[in-house]
Amino acid sequence: MRFRLLVLLALAAPASLTGQEANLEALRRAQSEESLVADHLTALAYRFGPRLAGTRSYGASAEWVVGRLAEWGVDADLSSIEAPLRGWEIGSHSLAWTSPRRQRLHAHPVPHTGGTDGPVMADVVVLERPEDLAGDLADLDGNVVVLGWTYRPDASLPIQSRTPRLSDDLLLRAEASPDPNDLMIGYHARRSTLDAIDRWQARRAAQGTLTSRLADAGAVAVLVGSSRAPGLLQVDNNGWLEYQPFRGDPVPPPTFIVDQADLGELVRSVRDGVETRVSVESSVVSYFEPEHNVNVLADLPGVGASDEVVIIGAHLDSHASGSGAADNASGVSVMMEAIRLIQASGIDHDRTIRLALWAGEEGGFFGSRDYVSERVGDLRSGITGAEHERISAVLNLDNGAGRIRGVFAQGNPGAADAFREILTPFRAESGPGDGAVVLQNANQSDHEVFDALGIPAFQFVQDPMGYLPFVHHTQLDVPDLIRIPDLEHGAVLVAYTALALANRPDRLPRRPYHSVVPVLEGAEEFRLEGHTDAQRVYLIGDFNNWAMFDTPMQRESGGWVARIDLPAGRHLYKFIVDGSWTNDPSTPEDALERDGEGHGGLTARIVPERRD
C-alpha cells in the first residue's frame, strides 16, 4: 500500500517540473516517507560483522540482502564466482609481553594465517631486514619472530587527509584541471589493471614461499608492525604480507598486526639484549565452503531498451578488523537504498538498472573480475562478451562513508559533459556543491575492471572524513563514525543519476583510442626504439586525453610500435614505459614541447588532410 501511495504522489508532481526534476522530487519524497539506510548499515556491521570473503558471515550477509530486496519486490540472485576463496574465522586471540614485564600488546591476527594450540610462551627474535628471510632460519625454531623492518618509529598521520570535508574551492580547482592524471582529490594508483593483477599474483607466490619457510623453520608466530600511526591496527597486507585466500594456499604461522608503539617496545628490548618473552594465542578456524563465494545481482527491468544495462554497485566483503562499516557496508547500504527508492517511486526507465554487490574486492576484485570475464570480456585478449556493448555505465561506491560530492569522470570528456548536465540540481550557486565532475581517474575498486575494457565505469567523489588515515582497514571501521544523513543524501543522488543514465537517448560515450591489446591497423605509426626489457609500453597523447594505459604498444625487434588513425592536425605525444613517462628519444631535446597543461617532453606529430 505504501509503494502505491508513493507512485500516486510521484504522478501528482507539479506540472511545471521537468521529467528529471519530477524524478528527483519523487525520490526525495520516497525517502522522507521512510529511510532504511541506517537499518542496512547496522545490520551489515553489527549482525554480520567483518564479512571476509569466503566466510559464513559473508554468505549470510549476501542471503540477508537478497531477502531484503525481495521484501521490496526486487528479485535478486546469488551468482557463484569461480575464485576458490576459503573461509577463515577468528575466535579468541591475545598477545602479551611476559618478560621482562607483563603488559598486554595491541594486536590482531592476520586473516588466513594459522592458529596456536592454546596460549604459547616463547622468546622473541627480531629479523632486521627482509633479506634475512633468505638466510639460515634455524634460530627461529620455537620462537616468536618480529619483522623488524616493519617497525617505523616515525609513523605519522598525513595532514592533508585529516580534512573531513572537501572545500568548494578545491573541487572547483579539480574541475578545472584538464589532466585526468592529476591527483588533486581522492586517490588512485598509476598502474594498469593488468599490472595490479599480475603484481598481486607475483606477491602471493613470493610471500607464500617466505611464509612457508617461516612455518618450516618452526616459528611460533610472526609479528608485523601496523602501517598506520600508533594506536591504529591496519589489518591488511601492510606493505609486506599478502593474503593467501585460496583453497590450497600455504597456511602461514600465526601472524599478528601489532600496534607500532607496542612493537617498538619489543624491538628495543631485544636489541638491548634483554631476554624478551611473550604469550601468544590465536584460535582460528579455516574451511572451504564454496556456496559463500557469490555476488548479489538484482535487476529493475527497463521498459524500453531493457537489454541495455546501467550497473550500480559496491563490494559486500570487508577486511577482518572493525566491522566493515565504512569499507564497505556504507556503500552497500547506499546502493540498496537507491534501488529501494527507485522501486518505491515507481519511476519508469528505459534501460535495466542492475544492482551488483561484489564478493572479494579486498585482495583482488575477485567477484567483479569473475562477472567481467563471464559477461563482458577478457582483460588480456580484449575479446568481448555479450554485455560489452550493452552496458551503458557502471557506478561504484567505495571511498568510505563520506558525503557524495560528485563523480570522477575517468578521463572521459564526453561522459564528463553528461554528468555535468545530470548533476546540475546538486550544484550550489557559489560552487560545485554536491555536483562536482572532475576528469581525474580513480581506481583501486571494482569499477576499474570494467574501465579496463573500455566500459564507462566511475567512482563517486566523496568527502574524506578521515577515511584513509584513521578508518581504512583499521579497528575504527565501525558505524559510530558514520553520518547517516550523508548516506541518505548519497542514496538519492545515486538513484537520480542511475535513472538519468537509464533514460538517456544514447549510451554514455566511451573513451577514444582505448584497447586492451596493441592497435596495429591505423595509418599513423608510432615507434619507440629500445626498452626491450620493459614489460608494458603505452602511447599517450592529447588524442587519448593522456590516458596512461588506454593505447598499448606491440613489442617488436628492437623496440615497440603502435599504429592508430588520427584526424588531420597537430598532435602531441610521449610514452609510458612500465609506469614511467618517457620522451620519444628520436626527438632532439631542444625540439621537445610543453602543452601548457602540465605535460612536458612532448613530440609533435603533424597529420595532413587525406584525400580518398
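This is a predicted model: local features need pLDDT of at least 70, side-chain atom pairs count only at pLDDT 80 or more; totals for chains, interfaces and linings use all residues.

**Entry 1: the three-stranded sheet.** With that criterion I find an open sheet of three strands, ordered S17-S20-S19, in which the pairing is antiparallel. Strand S17 (524–529) and S19 are its edge strands, each pairing on one side only. Direction ignored, neighbouring strands here are turned by 30° against each other on average. I then looked at one of the pairings in detail: S19 and strand S20 (residues 559–564) run antiparallel and are joined by three bridges, and arginine 555 has tryptophan 560 in S20 as its bridge partner.

**Entry 2: the eight-stranded sheet.** I next traced an open sheet of eight strands, which follow the order S1-S10-S12-S11-S13-S16-S14-S15 with mixed pairing. Which strands stand at the edges? They are strand S1 (76–80) and strand S15 (436–438), and each has a single partner strand, so one side of each is left without a neighbour in the sheet. From one strand to the next I note a twist that averages 25°. Within this sheet I checked strand S10 (residues 294–300) against strand S12 (residues 352–358), and found an antiparallel pair with five bridges; in this pair leucine 300 stands opposite isoleucine 353 of S12.

**Entry 3: the partners of S9.** I followed strand S9 (residues 277–287) to strand S2 (residues 87–99), to which 10 bridges join it in an antiparallel arrangement. One position I noted is alanine 96, whose bridge partner in S9 is serine 279. S9 also pairs with strand S5 (residues 120–127), again in the antiparallel sense, over four bridges, and here alanine 122 has valine 278 of S9 as its bridge partner.

**Entry 4: helix H13.** Does the length of this helix agree or disagree with its residue count? At 1.5 Å a residue, the 19 residues of helix H13 (residues 484–502) should span 27 Å, and the end C-alpha atoms are 27 Å apart, which agrees. I then asked how many of its residues are buried, taking buried as under 20% relative accessible area. The count is 16 of the 19 residues of H13, so the helix is largely enclosed by the rest of the structure.

**Entry 5: the second largest pocket.** I put the space in the second largest pocket at about 590 Å³. It is lined by 35 residues, and the closest to its centre are Ser192, Thr193, Tyr538, Phe549 and Asp550. The elements giving two or more residues to this lining are helix H6 (193–216), helix H11 (447–451), strand S18 (537–541) and strand S19 (554–556). By class I record 15 nonpolar, 11 polar and nine charged residues in the lining of this pocket.

Key:
Residues are numbered from 1 along each chain as its sequence is written. Side-chain values use heavy atoms; hydrogens and water are left out. Two strands pair if DSSP finds at least two bridges between them. On a 1 Å grid over the protein atoms alone, a cavity is a set of points where a 1.4 Å probe fits but cannot get out, and a pocket is an open set with protein on both sides within 12 Å along at least five of seven lines; lining residues have an atom within 4 Å of a point. Grid points are joined across faces, edges and corners, and a volume is the space filled by probe spheres set on the points. Ala, Val, Leu, Ile, Met, Phe, Trp, Tyr, Cys and Pro count as nonpolar, Asp, Glu, Lys and Arg as charged, and the others, Gly among them, as polar. Axes are lines fitted to C-alpha atoms, for helices over the stretch in contact, and angles run from 0 to 180 degrees between N-to-C directions. The expected span of a helix is 1.5 Å times one less than its number of residues. Buried means under 20% relative accessible area, exposed over 50%, partly exposed in between (1.4 Å probe, protein chains only).
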